[in-house]
Amino acid sequence: METFDYVIIGAGSAGSVLANRLGEDPASRICVLEAGPTDWHPYIHLPAGFIKTFHMKSVNWGYQQEPGPWTGGRSIYAPRGKTLGGSSSINGHIYNRGQRQDFNTWAQLGNRGWGYPDVLPYFKRLERRVGEGDETYRGRDGNLTVTTMDWNDPLCEAFMEGAVSLGIPRNPDYNGAIQEGVSYCQRTIEGGLRMSAAKAFLHPARKRGNVDVRTHAHVTNLIFEGKRAVGVRYLKGGKGGTPVEVRASKEVILSGGTYNSPQVLQLSGVGSPELLQSHGIEVRHALPGVGEGLQDHYAPRSVARVKNIKTINELRRGVSLWVEALKWATTRRGLLSLSPTMVYCFWHSGETTESSDLQLTFTPASYKEGVQGQLEDEPGMTVASWQQRPESRGYVRIRSADPFTQPIIQTNYLVEEIDRRVVVAGMKLARRLLASKPLAPYYAYEDFPGPKVQSDDELLAAATERGTTTFHPGCTCRMGPADAKWAVVDDQLRVHGLQGLRVVDASIMPRMISANLNASTLMIADKASDMIRGKTALEAVKFPEQA
Ligand SMILES: Cc1cc2nc3c(=O)[nH]c(=O)nc-3n(C[C@H](O)[C@H](O)[C@H](O)COP(=O)(O)OP(=O)(O)OC[C@H]3O[C@@H](n4cnc5c(N)ncnc54)[C@H](O)[C@@H]3O)c2cc1C
């Protein structure tokens, strides 16, 4: 059996950073196992290819969530990347870190070293910010290029002016001192191409020669000796493939993402004894928190019909598309370089909210049934709105002992009343933004939820009818102290009660943050890499108010 120092399961956002950082030690031998293929497909790299990879089974797990009590009986589609770069190879390229309170809350839950001053140096070390940014907050020398949306569109400008007319200020950097305000999106795009975690971290690491990346390697379970994880079993070639085992002399690191990391643990006998026994799996280690606590952002997308200007809906057809293709080929700009969202607006749902609890996005386009993936034919513009820090929690539980059967994903969107209230407040703000004076020359009428929908109950009914995931699942292997029943890993990301095993990905977040999750997942992996290598953590940032 081959032996490496470290075996990393999953070459996604977290796995790519880990491979890079652990591989900095020339003496370390690292094996990365990825269920999906290499990231060769051009749609991964072309920013507008997002709309294609959204449903592309070859690079996407294409999961379905269970219907929840507040999703009108619908099972919501849940894409997840299955290729080098993982979800960062199919995501919407948005770079958004979250608010300082998010990380301070993680620390307050008993996680030492995870407050905002502690995590900020890692956000900085990772990025190469191009454009505006205060050096206290932004990095200039990292691998991950972060640029600002450069699409000059009158609708975006009018939307931002509309926000200003409602008292929401323009914010030059929502990843800086404060998040609140309206801004063009910051994106992981460089030279008109996607900057996935694989491109930024994994591919450079492979060149060093001590990182062995194996694709089409579907991990079925972990190998234990007593309470110590010593290796990993996978099927080479995926379902029906050849069984292979690799050993880790130092550590196994599970970076399979929020849905698959708990699945791999449960398949390996780590989790709730009742769940495991119900599927005939021997309990290796009882840990009831595995898979529990799933959180995600739930967004209804408000749509208005547009007049007097072309939207993306028309630009992506016929001659216009050819013109745009030529523009991208010659300048790397234009429609094909776009992300699914162009403008971000962070605001609060009520006067008593201390920091923005609403995230709204604007796109001069609209989607069939409000689901990203298929543009409508008539001109349209969309404002998606969601509660940033939802209270509702669900779970990920294996459906069977077969590693190729998708786990049960129950997000429980909106089960907590506060979530319903904030989502309704978001829809009201979306309506005001779309109907603002600066957008009036282009605003034809509200299509969804539509003028007949007025009361809070009617808005909530519309939200349950058409809301969808914003693709930000987290919190299924939560970080917390050993005496917290829900905790799966400690603040060094080691699985409680086991040795030689860490979980490092979006699943370890103890609470949902006010952001899309890619930036913080990269940060988690970078910070974890120092822990694994036994290095001293980067020095916490001292803010003037602490001096
Ligand atoms: C459609 C979409 C749009 C998004 N848009 C944005 C956005 O604009 N901005 C943003 O910040 N975030 C966005 N996100 C979320 C963000 O990309 C993810 O939160 C982040 O990439 C998660 O990183 P991860 O390392 O936890 O998991 P992933 O990046 O998903 O990596 C997990 C990896 O493990 C592999 N794996 C899983 N199980 C196994 C197994 N059994 N054996 C071997 N390999 C396995 C997977 O194939 C995958 O490559 C989006 C996500 C999606 C899906």
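**Close-up views of a predicted model**

**Figure 1. Surroundings of L265.** Neighbours within four places in sequence aside, L265 is in contact (heavy atoms within 4.5 Å) with L222, L254, V270, V290, C477, V488, L501 and V503. This is a predicted model, in which local features need pLDDT of at least 70, side-chain atom pairs count only at pLDDT 80 or more, and totals for chains, interfaces and linings use all residues. Residues are numbered from 1 along each chain as its sequence is written, and side-chain values use heavy atoms, with hydrogens and water left out.

**Figure 2. The nonpolar cores.** A nonpolar core is a set of buried Ala, Val, Leu, Ile, Met, Phe, Trp, Tyr and Cys residues joined through side-chain atoms within 4.5 Å. Buried means under 20% relative accessible area, exposed over 50%, and partly exposed in between (1.4 Å probe, protein chains only). The largest core has 84 residues, and L265 and M523 have the most contacts inside it. Helix α14 (residues 518-532) gives the largest share of this core, 8 residues. A second, separate core has 36 residues, including F159, L315, F362 and V383.

**Figure 3. The loop around S366.** S366 lies in the loop between strands β21 (358-363) and β22 (380-387). Helices (H or I, at least four residues) and strands (E, at least two) are DSSP runs, numbered from the N terminus. S366 is buried, with a relative accessible area of 0%. Leaving aside neighbours within four places in sequence, the residues in contact with S366 include V303, R305, N313, Q374 and E376. The C-alpha atoms of S366 and D457 are separated by 24 Å, and the two residues are 91 residues apart along the chain.

**Figure 4. The second largest cavity.** A cavity is a set of points, on a 1 Å grid over the protein atoms alone, where a 1.4 Å probe fits but cannot get out; lining residues have an atom within 4 Å of a point. The structure holds 2 cavities of 30 Å³ or more. The second largest cavity has about 90 Å³ of space, a volume being the space filled by probe spheres set on the points, which are joined across faces, edges and corners. Among the residues lining this cavity are Q295, D296, Y298, P390, Y413 and D419.

**Figure 5. The chain behind the close-ups.** The chain has 14 helices and 27 strands. Buried residues make up 63% of its 547 residues. The C-alpha atoms fill a box of roughly 70 × 55 × 50 Å, taken along the principal axes.

Key: On a 1 Å grid over the protein atoms alone, a cavity is a set of points where a 1.4 Å probe fits but cannot get out, and a pocket is an open set with protein on both sides within 12 Å along at least five of seven lines; lining residues have an atom within 4 Å of a point.
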